[in-house]
Amino acid sequence: MAGLTDLSLAAMRAGLKAKQFSARELVTAHVEAVEAARPLNAFLVETPDHALAAADAADGALARGEAGLLAGIPLGIKDLFCTKGVETTASSRILMGFVPTYESTVTAKLFAAGAAMLGKLNLDEFAMGSSNETSAYGPVISPWRAQGSTAKLVPGGSSGGSSAAVAARLCAAATGTDTGGSIRQPAAFTGIAGIKPTYGRCSRWGVIAFASSLDQAGVLARDVTDCALVLEAMAGYDPKDSTSLDVPVPHYAGGLTGSLKGKRIGIPKEYRVDGMDPVLEDLWQKGIDWARDAGAEIVEVSLPHTKEALPTYYVVAPAEASSNLARYDGVRYGLRVAPDGGSLSDMYAATRAAGFGAEVKRRIMIGTYVLSAGYYDAYYLKAQKVRALIAQDFARAFEACDLLLTPTAPTGAFELGAKTADPIAMFLNDVFTVPASLAGLPAMSIPAGLDGQGLPLGLQLIGRPLDEMGVLDAAFALESRAGFSAAPVRWW
Amino acid sequence: MADPYVIEGRTGPWELVIGLEVHAQVISQSKLFSGAATVFGGEPNSQVSLVDAAMPGMLPVLNGECVAQAVRTGLALGAKINRWSRFDRKNYFYADLPQGYQISQYQHPVVGEGALEIETEEGARTTVGIERIHLEQDAGKSIHDLSPTSSYVDLNRSGVALMEIVSKPDMRSPAEAGAYVAALRAIVRAIGSCDGNMQEGSMRADVNVSVRKAGAPFGTRCEIKNVNSIRFIQQAIVAEATRQIAILEEGGSIAQETRLFDPDRGETRSLRSKEDAHDYRYFPEPDLLPLELSEDFIEACRASLPELPAARRARYEAELGLSPYLAGVLTADVDQSNWFEALLADSAKRQDKPAKDVAEKAANWMTGELFGALNRLGLEIGESPVSPAQGAELLALVADGTLSGPLAKQVFEIMLETREDPGAIAEARGLKQVSDTGALEAAIVEVMAANADKVADYRGGKDKLFGFFVGQVMKASGGKANPAVVNELLKKALG
């Protein structure tokens, strides 16, 4: 059934409902696409049996007219989500062979809605990275190539397996997690849409923790409507996550109007950074024009602490990570390296030295340092104060506007290895995405155009707390005006 | 005021300064942040949830029952309840600490300052300040002696809620430290926030000790970790103070450190110095929201408190007219105290008198006869073969003259063995006191006839012979005669 993998998620739902094809046919086509795309290294584990069983169940449910929101829809699951009976490693050697006995709340909700899991998607180790190159199981290769080049490009990160798989039409949508931009930046790099909802909108229960106060699950999909459909299925209050928000989840897809009449779109002046690619600057202006065309009023706003966001993030996130990753000690599960005749400390040291990659070690060390007695006030405490100021910046800006429009990332996708030697250059990828993460705000990237090499660039929309609907609707309005239709040309 | 407690050194007397951090295991159905059970003595690792084992992606959810227990304990100590408190992570690596951090309350505890009035066994009263009470998770248990090459870990205790009750450095003697722990134990047991079982480790103390010359500022303290009985706490204080005095008197100085008490050797030894102290890298627990308590919640906690030991003791003295000693003994332990309450209520009902009129006899019987018997049998009050109702029936039988004191003792012994009711025992075994004047008069006539010479002597002025006649009549009745009635009839008969 060639062509089935080219359908959007919404078109798949329509086709299934109209009995143009069965869920089994739809899922089979994707299972085959996944197998054929192994050179991308997007999937760590393929679960065709799971997918086909869900497809058969969906066909039954469709026949009975009881189909859930995502009945028979083939999804990829970022390997940060614990999946019952399916190896879950967070792309780390330290969790090699770990098979959870439990299902994360988000995946459980997706499966309850009828989704078919094609497999577990590669990511940066413990979601720490912006290019998917820190995975212990090898980098993900972007399905995109620059014009006239066969050089391997990164798919962004940390949800690089998710972005590559969706862009390459291996799955209809994929779950992601976003701590500082890990959904939005890879979405921008691969020409797809991705939304990180408000902190607390999706349960973190069963999601392997990187930085607890920032981690938030979301979705990467072909377009805004598909994001809305999947987000609706995965969001919601969970008593098992004390930080999840007990508020109703709107029917997002049904609320997409494409009109921005009466809306004020804020343009934060601090996001106009020196040396911004003129193509990106031009694209941002196009976005502003599209918003105006959709009926929005454009206002300039100020987020004065923007330049402090990145250093703040790189104190808070490693601090929490250094503590969250303490549990990987070789005692109860995962890798254990116990030197002969060694002490407990020797086992810890050997296990963690062998189990963690360089980027994870770097962040554990930074985090340990900033929490140490004598440094806590200068780093962690100060970072928390700045974080509060950043949140305040947004709150003030939202007095003057309803949504913010910015670029998603300062550049398009780069070549594998281009930035691995320079962690600071890598961190700079997150400069536009980190502030919204620190403030816990819903934010989304949509594909808006191509750079000079023919590679996708994204625009970001940031909304008020819990206003995913507003973010999605504005993204929907811009999406229709951008008319982005580019897709990677299959080379794998 | 009594002389302050001192330890005599070579250079003169030294005062002790003592502060205690008591770790009390909270009574709750489930753990502080998970739904796993908390029962003591389960099969190893049988009471462990995914959260307790720190599986990837697991999150803590605060157990409101544990919060209520900490608040109730704070209220019982007259302490300030903090409407806003917060949990922090205390980071360190150990095999029985699955998360690699303990969730505790470092900067913002749920309970603030309070006070506890104590009285030593010698009767000296003083007040010990409470610094704070915070909630935290217990760790698991490492077992090192099952295998020569590996250690085993039991996570049943991992995540169980503890209250850490921190005193101010207000105690000056081992006796005060002992009295403080006893009073604290009585309170948490009375309100049901901790079972106070020190043998099972549900209550244990870190003991901070320093010494100084009278009037001098506080000396450098050492902390003795995890002492698990009042006796050991007192021994550890003396051992540690003696060690510090010896060092200071030789011109040395005390290094602040953590020490362990070895009860077999009666000495403390160094565990780790301040330089080796862990850097716990405390920071706010991002998986939990700050703990905010409503006034309603606090009031509900307050309303759930039973009468506290100190209040009950004061009531016993003021309303029941009990001596301070009896009131103290009867309120020292909640199980005994509740037993007495039941005995008292039933006694008043059976004798149809106000409680204050039956209280002293009931108190004397319970602290004398009953405690003596339980002591002899090695039983706790909860295991008493005699119920409060049976005790009250026994006291009523004495009060209405059915049983004499000696007969009551006989009946009580039988009750201890057979668990039968006293009335039934007296009836079945003919142990009732004889107050029937006809029968006693006949016995008196017989006794007088058999001892005509002594009757003459008595009537001639030998008053002391009266006791002889009483004894003879009692003997003739088989010990069952009512002595008061015998006295009265004899006086009449002898003229």
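In this predicted model, chain B has an average pLDDT of 93, and 99% of its residues score at least 70. For the complex as a whole, the predictor reports an ipTM of 0.96 together with a pTM of 0.91.

Taken along the principal axes, the box filled by the C-alpha atoms of chain B is roughly 95 × 55 × 50 Å. Of the 495 residues in chain B, 41% are buried. When contacts in chain B between residues at least 6 apart in sequence are considered, 68% of them join residues at least 24 apart.

Chain A can be described in the same terms. Its secondary structure comprises 15 helices and eleven strands. A compact globule of 492 residues would have a radius of gyration near 23 Å, and the 21 Å of chain A agrees with this. The C-alpha trace of chain A spans about 65 × 50 × 50 Å along its principal axes. Buried residues account for 59% of the 492 residues of chain A. Among contacts in chain A with a separation of 6 or more, 77% are between residues 24 or more positions apart.

Where the two chains meet, 32 residues of chain A are in contact with 24 residues of chain B. On the chain A side, the elements giving two or more residues are α9, α10 (344-355) and α11. The largest share, three residues, is given by α9(A). Sorted by class, the side of chain A that touches chain B holds 16 nonpolar, nine polar and seven charged residues.

Two of these elements also meet each other within chain A. The axes of α9(A), residues 306-324, and α11(A), residues 358-371, come within 7 Å and cross at roughly 100°. Since angles from 65 to 115 degrees count as roughly perpendicular, α9(A) and α11(A) are therefore roughly perpendicular to each other. On the α9(A) side, the residues that meet α11(A) are Val315(A), Pro318(A), Ala319(A), Ala321(A) and Ser322(A). Their partners in α11(A) are Arg363(A), Ile364(A), Ile366(A), Gly367(A), Thr368(A), Val370(A) and Leu371(A). By class, this contact between α9(A) and α11(A) is made up of eight nonpolar, three polar and one charged residues.

Leu75(A) belongs to strand β2 of chain A, which covers residues 74-78. With 32 other C-beta atoms within 10 Å, Leu75(A) is buried, because 20 or more such neighbours meet the cut-off. Leaving aside residues up to four places away in sequence, Leu75(A) touches Leu110(A), Ala115(A), Ala116(A), Met117(A), Leu118(A), Cys171(A), Ala172(A), Ala173(A) and Ala174(A). One of these partners, Ala174(A), is 99 residues away along the chain, yet its C-alpha atom and that of Leu75(A) are separated by 5.3 Å.

In chain B, Leu305(B) sits in the loop between α4 (295-303) and α5 (309-318). This residue has 17 C-beta neighbours inside 10 Å and so counts as partly exposed. Apart from residues up to four places away in sequence, Leu305(B) touches Arg72(B), Leu75(B), Ala76(B) and Ile191(B). The C-alpha atoms of Leu305(B) and Ala190(B) are separated by 8.8 Å, although the two residues are 115 apart along the chain.

Some loops carry backbone features worth a look. In chain A, the peptide bond from Gly157(A) to Ser158(A) is cis, with omega near 10°. Ser158(A) is placed in the loop between β3 (116-121) and α5 (160-167) of chain A. Asn41(A), a residue other than glycine, has a positive phi near 60°. Asn41(A) lies in the loop between α2 (23-36) and β1 (43-46) of chain A, and with 19 C-beta neighbours inside 10 Å it counts as partly exposed. In chain B, phi is also positive at Asp352(B), near 50°. Asp352(B) is found in the loop between α7 (334-351) and α8 (355-377) of chain B, and with 9 C-beta neighbours inside 10 Å it counts as exposed.

How values were computed:
Residues are numbered from 1 along each chain as its sequence is written. Chains are lettered from A and ligands numbered from 1 in the order in which they are written. This is a predicted model: local features need pLDDT of at least 70, side-chain atom pairs count only at pLDDT 80 or more; totals for chains, interfaces and linings use all residues. Axes are lines fitted to C-alpha atoms, for helices over the stretch in contact, and angles run from 0 to 180 degrees between N-to-C directions. Helices (H or I, at least four residues) and strands (E, at least two) are DSSP runs, numbered from the N terminus. Angles under 35 degrees count as roughly parallel, over 145 as roughly antiparallel, 65 to 115 as roughly perpendicular and the rest as oblique. Two residues are in contact if their C-beta atoms, placed from the backbone, lie within 7 Å. Ala, Val, Leu, Ile, Met, Phe, Trp, Tyr, Cys and Pro count as nonpolar, Asp, Glu, Lys and Arg as charged, and the others, Gly among them, as polar. A residue is buried if 20 or more other C-beta atoms lie within 10 Å of its own, exposed if 12 or fewer, and partly exposed in between; C-beta atoms are placed from the backbone. pLDDT is the predictor's confidence in each residue, from 0 to 100. The radius of gyration is taken over C-alpha atoms; the globule rule is 2.2 Å times the number of residues to the power 0.38.
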